[in-house]
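The following exercises concern the fold, the overall dimensions and one residue of a protein model. Please work through each task before reading its solution.

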Amino acid sequence: SELITIAITLGLAVILARTGFPPKVTDYLPSIAEQILGISVPESLSIQQILTRVSPDALWITLVIGISISYGKGVKALKGNWPINRIASFIGAVALLTFATSGSLGVYSHVLFSAHMIQHMVLALLIPLLFVFSRPLTLAKMTLKKDSEFIGLVNWYVSFYESRFWLLLTKPVTLVGLTSF
């Protein structure tokens with residue numbers, strides 16, 4: 001029986017010698033917010049975090065680059081005949097779109113309700129207004145050649161915009177009726 005105990009002890013020693021060390025146990029426990037959201041909660045909000053925190057979103061970055069290149073080509077085609085206030089409005093809209101989706105506002109909107117609502121207001125009210133002031137469709141109409149494949153899209157938009165249906169749809173009485181339901 002003594003030999004059996006020694007054999008079991010040696011066998012156990014060999015097995016323990018060949019296994020790795022147990023993983024280190026960290027003292028980090030996810031917060032309740034991290035458990036509910038399933039993401040790590042960013043550091044507490046500060047001016048430094050607002051200015052430096054980014055989380056690039058590929059969809060929005062690609063969209064911003066695409067419309068910026070298109071608008072830039074249109075402005076270049078006009079050779080300086082495009083008002084600077086429209087260019088500034090476009091740059092402001094693109095910068096706000098990037099900040100609201102990939103900047104600190106986009107990061108904190110998943111965690112803070114106030115940041116989430118500010119993001120909604122910026123995306124729904126401020127950015128469209130700046131895009132309207134930048135007049136991208138007017139720029140497209142002025143720069144596209146008659147034989148261009150895209151002129152059909154611009155003409156389609158203009159004919160829809162000037163249609164009686166659109167005029168009826170945008171009357172205040174119609175809008176109140178549509179939004180009250």
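**Exercise 1. Determine the order of the secondary-structure elements from the N terminus on.**

Solution. Read from the N terminus, the elements run α-α-α-α-α-α-α-α-α-α-α. The count is eleven helices and zero strands, where helices (H or I, at least four residues) and strands (E, at least two) are DSSP runs numbered from the N terminus. The model is predicted: local features need pLDDT of at least 70, side-chain atom pairs count only at pLDDT 80 or more, and totals for chains, interfaces and linings use all residues. Residues are numbered from 1 along each chain as its sequence is written, and side-chain values use heavy atoms, with hydrogens and water left out.

**Exercise 2. Compare the radius of gyration of the protein with that of a compact globule of 181 residues.**

Solution. Step one: the radius is taken over C-alpha atoms, and the globule rule is 2.2 Å times the number of residues to the power 0.38. Step two: the rule gives a value near 16 Å, but the protein has 30 Å. Step three: along the principal axes, the C-alpha atoms fill a box of roughly 100 × 45 × 35 Å.

**Exercise 3. Is S109 buried or exposed?**

Solution. First, locate S109 in the loop between α6 (104–108) and α7 (113–134). Next, S109 counts as buried because its relative accessibility is 7%; buried means under 20% relative accessible area, exposed over 50%, partly exposed in between (1.4 Å probe, protein chains only). Finally, leaving aside neighbours within four places in sequence, S109 is in contact (heavy atoms within 4.5 Å) with A115, H116 and Q119.
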